[in-house]
Amino acid sequence: MTTTPPYPAAHGLLAGKTVLVTAAAGAGIGFATAKRCAEEGARVAISDIHERRLGEAADALAEASGGTRPPAFLANVAREDDVQRLFAQVLEECGQLDVLVNNAGLGGTANLVDMTDEQWTSVLDVTLNGTMRMTRAALRYMVPRGAGVVVNNASVIGWRAQEGQSHYAAAKAGVMALTRCAALEAAKSGVRVNAVAPSLATHPFLAKVMTEELLAELTTREAFGRGAEPWEVANVIVFLASEYSSYMTGEVVSVSSQHP
């Protein structure tokens, strides 16, 4: 197992940009992404469905940056009315939107023979349909403007099989396909759409959603012999959001040693 590298210094990669990160409450990739974007000079807005945790995340971001509290909006990406309201609120509060990070997703474990329609639908509606709704709303704003970036959070499970994950794997594979198709449609307007595909991102919530045995087994699949820190995934999202990736669109970047 390799040791975790030091937390990187900021380089102003997103200076002057406004970034919206969904599902940014908690201790996972969403919060880490919002924090890294702020550190790189962006004005960050965050959203989530958990009011208390969203407020705590906004307070933590303000404390970490030593600056103002970021705008924080309650929104459920599974509801089109919420999506429309969220975009209206962000544009009213921030004046513009340069980058959308679609981090919202819902998991679960069930073998297909035991899976209910509700289990299947709930995972697909947040993880895939929610990403579609948010991307669609962003492109309706960015394409006429002729600028903007969308970064979607996919998963290596969209490439590989895992028992009990048919709904989540199907949703994440769909996010990858959505990313590629949306990228082609938006390219002529100078708008880029890419995705990251993490595997394990180490945070306290993992212990609640998988057994120690499964976590250990998945860790052995990784070349570094450990899960990624959420900020290591966030670093790749920052890169895709920045002008350093100006010639990349329709790409799904594996933040893992696992890839097709």
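Guide: Rings of Phe, Tyr and Trp (its six-membered ring) pair if their centres lie within 6.5 Å; planes under 30 degrees apart are stacked, over 60 edge-to-face, and the rest tilted. By this rule there is one aromatic pair. This is a predicted model, where local features need pLDDT of at least 70 and side-chain atom pairs count only at pLDDT 80 or more, while totals for chains, interfaces and linings use all residues. Residues are numbered from 1 along each chain as its sequence is written, and side-chain values use heavy atoms, without hydrogens and water.

Visitor: Why is the pair of Tyr-7 and Trp-231 called edge-to-face?
Guide: The ring centres of Tyr-7 and Trp-231 are 5.1 Å apart and the planes stand at 65 degrees, so the pair is edge-to-face. Tyr-7 sits in the segment before β1 and Trp-231 in helix α8 (residues 230-241), 224 residues apart, so the pair links distant parts of the chain.

Visitor: What makes Trp-231 count as buried?
Guide: Buried means under 20% relative accessible area, exposed over 50%, and partly exposed in between (1.4 Å probe, protein chains only). Trp-231 has 14% relative accessibility, so Trp-231 counts as buried. Tyr-7 has 36%, so Tyr-7 is partly exposed.

Visitor: Why do β3 and β7 stand at the edges?
Guide: Strands are DSSP runs (E, at least two residues), as are helices (H or I, at least four), numbered from the N terminus; two strands pair if DSSP finds at least two bridges between them. The open sheet has seven strands in the order β3-β2-β1-β4-β5-β6-β7, paired in parallel. β3 (72-74) and β7 (252-255) each have a single partner strand, so one side of each lacks a neighbour in the sheet.

Visitor: How do you know that β1 and β2 pair?
Guide: β1 (residues 18-21) and β2 (residues 43-48) share four bridges in the parallel sense.
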